Amino acid sequence: MAGHHSSQSSHLAFASSLLLLLLTVLPLTLACFAFFLQWRGGLKDPVNHWSPDRLEFFGMDNSGGSSLQFRSSCGNGSSSDCVDALGQSRMASFPYYRNWKFDLGLDIWPQICITASTSAGLEQTLPWIFYHKVIGVSTFFLFVEGKAASPEVSKVLESIPGVKVIYRTRELEEQQAKSRIWNETWLAIYFYKPCNYELFVKQNLNMEMAIVMARDAGMDWIIHLDTDELIYPAGTREYSVRHLLADVPGNVDMVIFSNYESCVERDDVKEPFSEVSMFKKNRHHLPKDVYFDNYKEATRGNPNYFLTYGNGKAAARIQDHLRPNGAHRWHNYMKTPNEIKLEEAAVLHYTYSKFSDLTSRRDRCGCKPTKEAVKRCFMLDFDRAAFIIASTVTEEEMLQWYREQVVWTNKTLNLKLLRTGILTRIYAPMVIVQELRESGVFSSVIASAQTTLSKDKSVSIESSNSFRKLEPGEVSSRKIGIDRESQAIARRTLESAESNIHPSAVPPLSPPGADDSHLLSDAFTHL
């Protein structure tokens, strides 16, 4: 009996050992088999096919080719030769760019364009352009001046497919002097003021011209952005603004993107798109109690919840009678646009993300650094304070002020606000821009522009047919400062008839403050 029991125990022990061996060997065998198939090309990486139509990012070709659509000169050289002109490796490392097509054709729907007025250099504009190409924007109308209009920058911009460069020439100013805007009231309160006000008027004139260019180019949607802003198409299947706008109902004229504001965690950021991942969410994407309960801690002693504006940006459907309504909105001469506000997608605003932004903004404005003078030059409280600091203190004192007011160094507070939802981490733009750089896209564009330049990329103002001919009685911008009185009389005559038809332009607006109790009931139902 005892022998039988001993035999049974030995059998069970043997079976257990055999089972354990099987469970160990089988996974190793399957892993080796999968590795062999993948090495031979017989197994497709499921990560590369997560999208039902096999388009991982908008614009990728699934025809099976493997050549990059950008030029690279490091294919036959050593790794030391593959250095990006912007300071990074040029070795391709992002698998999604194997079949990329940056030159998007007119067969793509909807056609989306971005217009911008910029003086930024290539270190900012190249990542900005190609990031938006990745998410589905096909055309860019760039109104350039300053550094952006210099030959070494504009030559590169002109060489990029889909980028149209418009220079601020005498011819352009004469064209814009014929705009009907000068005889209307909705933008009139911003005329004849310096700095931000002058820029605001210039942006509207550029937007008006871009509408006509967009229509002539067959665009379906137009978006006005600054080159320190990125569209964040959250909630879409393919991280694509094209899919986002394709799903908008046909009766909608305008789509509002709430803005998130960058929260830098260091004072030495050089490339914000690649280095910043923390953002403060817009109040429209927060529960009302969360916003107001955390308002004081979220402002950190600054004038408002956001350092700069909080009323987002908008995309408009190209249609007859479309016009700008400030840099943040669009309008229509014949009707009130039907608009919707997106619940997940946003515009990421990288404001004051570099310490040098303090001095660069200061250098663009000749305003006196006094509390009264800056009110005439800047619309927002923080811009006024930053200008005074940048104009009156030493660089060391300015850096200390920047660390206290802009840089988020309190990790305990950061973690608390991340948990409450005031702050959020967003990595997708950072990853895309970093991989564009690592793949050699930026350096290839720069290298290509050194030898070839497509002369038809620069928009001819004369041939753009952007504005109607000068009619009798219209005011030329060359007369600004001379005929102000006659223009003011004309506007007062029109004001009573137009005030109900054409609302005033929407300026950059700060979010409501903690003491705005009268906004508690409707702050989250209106812009």
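1. First, the ground rules. This is a predicted model, where local features need pLDDT of at least 70, side-chain atom pairs count only at pLDDT 80 or more, and totals for chains, interfaces and linings use all residues. Residues are numbered from 1 along each chain as its sequence is written, and side-chain values use heavy atoms, with hydrogens and water left out.

2. Searching the whole structure turns up 18 salt bridges, a salt bridge being a side-chain nitrogen of Lys or Arg within 4 Å of a carboxyl oxygen of Asp or Glu. As background, side chains of opposite charge can pair when their charged atoms come close.

3. Have a look at Glu184 and Arg180, whose side chains meet in a salt bridge at 2.6 Å, N to O. Glu184 is buried, at 4% relative accessible area, while Arg180 is partly exposed at 36%. For these labels, buried means under 20% relative accessible area, exposed over 50%, and partly exposed in between (1.4 Å probe, protein chains only).

4. Arg403 and Asp267 also form a salt bridge, with 2.5 Å between the closest N and O atoms. Arg403 sits in helix 13 (residues 395–405) and Asp267 in the loop between strand 6 (254–262) and helix 7 (272–275), so the pair ties together parts that are 136 residues apart in sequence. Helices (H or I, at least four residues) and strands (E, at least two) are DSSP runs, numbered from the N terminus. Arg403 is partly exposed, with a relative accessible area of 37%, and Asp267 is partly exposed too, at 24%.

5. Glu372 is exposed at 59% relative accessibility, and Lys375 is partly exposed at 43%. Elsewhere, salt bridges that share partners link Asp226, Glu229 and Lys313 into one network.

6. On to the strands. Strand 2 (residues 139–144) and strand 3 (residues 163–167) run parallel and are joined by five bridges; two strands pair if DSSP finds at least two bridges between them. Within this pairing, Phe141 stands opposite Lys164 in strand 3.

7. Last point: strand 2, helix 3 (residues 151–158) and strand 3 make up a right-handed β-α-β unit. Right-handed here means that, with the strands pointing away from the viewer, the path from the first strand over the helix to the second runs clockwise.
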